[in-house]
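Dear colleague,

Please find below the structure that I am handing over to you. My notes on it follow directly after.

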Amino acid sequence: MGNEEKVMRTEEIKINLGPQHPSTHGVYRAVLTLDGENVIDIENHLGYLHRGMEKIAESRTYTQFIPYTDRMDYLAAILNNWGYVGVVEKLMEIEVPERAEYLRVIMGELQRIASHLVFAGSFALDLNGFTGWMYAFRDREKILDLFEMVAGSRLTVNYMRIGGVCADVTPEFMEALSGVLDDLEKGLDELDGLITGNEIFQARCKNVGIMDTETTLNYGITGPNLRATGLKFDLRKDCPYSIYDRFEFEVPVGKQGDSFDRWYVRIAEMRQSIKIIRQAYEQMPEKGNIMAKVPKVIKPPKGECYFQIEGSKGILGYYLVSDGSKNPYRLHVHGPSFVNIGAFPEMAKGGKVQDAIAVLASLDPVLGEIDR
Amino acid sequence: MEGIFLRIADFAKQLFSSLNFGPEITSILMALFHVSAIIGFVLLNVLVLVLLERKLSGYFQQRPGPNRLGPNGAFQTIADVIKLFGKELIIPKAADKWVFILATIVVFIPAVMLYAVIPFGKKMIAIDLNIGIFYFIAISSTATIAFIMGGWGSNNKYSLLGGMRTVAQMVSYEIPLVFSLLGVIMIAGSLKMSDIIAAQKDVWFIILQPIAFIIFFISSIAELNRAPFDLPEGEQELVAGPYTEYSGMMFALFFLAEYANMVSISAIAVTLFLGGWQGPILPSWMWFVIKLYIMIFLYMWVRWTFPRIRIDHLMHFNWKFLLPLSLVNIVITGIGIKLVNWLNWF
């Protein structure tokens, strides 16, 4: 027997995380190379939900494509709508009526809260805090009810139109809205008590999946995942689109960019969103158009245009090339989830299997947006 | 009410002896009678517990829980059991067939054997062994083998990882569990269940041994593989750990064993810390059941509140915190006993 054989040898094993797995948030697949409980290597495999959205856009009219955007980041449908109609409006230089702008802000921020609540719930669930999941979804349900009141559907809301929004709100809606906001604040406090303050949760998340500001920027990550590293960068604040310059709100940041910071930033952001909605609720003009005057058939002038908004997962950008016909010549979507998932291997490498799950959950990937 | 089960047992004994088979056969028949009574108790409890767990989790999560079948969903578990019976038993081609099948039996038999030494009420104990608690610990530790058998025999990477986790966890947490019982045994001065209960006539051991109770509670959750220590199953990481490849009744046996173990370990907690079946007015077995379900409620409460702990924290917590603490508890208990003796002597 040689000398080497006497030494205890460990063998690496490769396991699939997905595409059918309880905690991949969809049909995402990663191949983990494990040495016992330690993750040595992670390989991303994407494309299980690819539907060719960008190509579909080329054979649809500008208006027809709006419902497709709902199906990209299906947890933040309204924000996706916003990005798309925004780029068309920018190219056509359409002025959106004031009331419509306020409605966009209210619905957009509600959608952001709904999206973050799914994040919070699924993060808790991935650490097996089932009750946290139910709490978050209970609150999200109230927001979806609000969407139903206005637009008729709950998940793929299809709320925005080029030049405005599809439906005005009723007085009952405004009444229900302020009730929901109060409930949400209470719900967030509950979530803080149940999850944020929990010793086990903090032990699982603090100092796990750390990524500093520079590396994060090099990966192109934006949104809450970037703010978790401590960089104060929010499109709504730094280059306000729509009417965000009229509201007062803070941009919460984290300390060191670990999983806990990514959680904490989002929880704080939800409180800020509530603040924004309250202000918009106060400032909104009583009456007014909700649609600008736009031609029946939308034909933007020849040219190209880029428009970006602060999505719930990061900067959501739409790049549109028009040849002057009724169909887009080319549409490209810059989806934040796709960028975020790219950093997952580097963040989770070297940790335990359970850390990898926590990191993946903290990145808030939505497969509809990653694969498009 | 008090002696209702004892009378049933007496009746059975008379019935068996009236058959004139001789004393050996009669005692074997009586043993069979006890075993079937215990299995009946276990199965009945599991039926109730599964429903209770789902209802309680619903309550904790502000949702109704199962509410379709029967009054307020009361028959849900029965439907689940029927479904499990109807499922196909799948044995993967790559699996080690015998190990794979045997694991289900190896996990279930100790779970039932544990009940031999549990005092369900006054004189209601199958065998009052003079090493009762020792027997309990010895038998309960064999369950570990079943998990590694299931994990290895399935020939599945998730199962193997789960099996590895189980062994690491159950073997480590066994030590503080046993040490926490030692304090009680030192005060009672006996390993016999009836003696331990008799020693709690005036004051329950949870008052004399609060730290031991907490250590026992925590490490028993780990022994039961329940959240927050359900790493072996680790749904979010390992799909279902050792259970991944099991289906139908083979899976149900694991499930049954898990709940049976929860009942038996709660029963031990009741016996050793909560004064056993002792209590005023109500019959002793009813006191036992009430206390038992208080313990079970605690286990469920913890399960539906906490997230899962990480594997290395799990080990640190055990070896660097629980184990030293339980040792300290033993030392303090020893000093305390000596002090009390010394005071009495004067």
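**Sheets, interface and helix packing**

In chain A, strands β1, β2 and β3 form an open sheet in the order β1-β2-β3, with antiparallel pairing. Please note that this is a predicted model. The edges of this sheet are held by β1 and β3 (38–45) of chain A; each has a single partner strand, so one side of each is left without a neighbour in the sheet. From one strand to the next, the twist averages 25°. Strand β2 (residues 29–35) of chain A is joined to β3(A) by seven bridges, and the two run antiparallel. As an example of this pairing, A:Ala30 has A:Asn44 in β3(A) as its bridge partner.

Chain A also has an open sheet of three strands in the order β6-β7-β8, again with antiparallel pairing. Here the edge strands are β6 (303–310) and β8 (330–334) of chain A, each of which pairs on one side only. On average, and ignoring direction, neighbouring strands of this sheet are turned by 10° against each other. Eight bridges connect β6(A) with strand β7 (residues 315–322) of chain A in the antiparallel sense.

Which elements of chain A supply at least two residues each to the side that touches chain B? In total, 23 residues of chain A are in contact with 23 residues of chain B. The elements in question are β1 (13–17), α5 (98–126), α6 (130–151), α8 (199–205) and α15 (353–363) of chain A. Strand β1 of chain A thus has a place both at an edge of its sheet and on the side that touches chain B. By class, this side of chain A has twelve nonpolar, six polar and five charged residues.

Finally, a pair of helices in chain B deserves a description. The axes of helix α7 (residues 157–188) and helix α14 (residues 311–345) of chain B come within 9 Å and cross at roughly 15°. Because an angle under 35 degrees counts as roughly parallel, α7(B) is roughly parallel to α14(B). The crossing in which α7(B) passes α14(B) is left-handed. The residues of their contact comprise 16 nonpolar, nine polar and one charged.

With kind regards

Terms used:
Residues are numbered from 1 along each chain as its sequence is written. Chains are lettered from A and ligands numbered from 1 in the order in which they are written. This is a predicted model: local features need pLDDT of at least 70, side-chain atom pairs count only at pLDDT 80 or more; totals for chains, interfaces and linings use all residues. Two strands pair if DSSP finds at least two bridges between them. Helices (H or I, at least four residues) and strands (E, at least two) are DSSP runs, numbered from the N terminus. Axes are lines fitted to C-alpha atoms, for helices over the stretch in contact, and angles run from 0 to 180 degrees between N-to-C directions. Two residues are in contact if their C-beta atoms, placed from the backbone, lie within 7 Å. Ala, Val, Leu, Ile, Met, Phe, Trp, Tyr, Cys and Pro count as nonpolar, Asp, Glu, Lys and Arg as charged, and the others, Gly among them, as polar. Angles under 35 degrees count as roughly parallel, over 145 as roughly antiparallel, 65 to 115 as roughly perpendicular and the rest as oblique. A crossing is left-handed if the near helix is turned anticlockwise from the far one by less than a right angle, and right-handed if clockwise.
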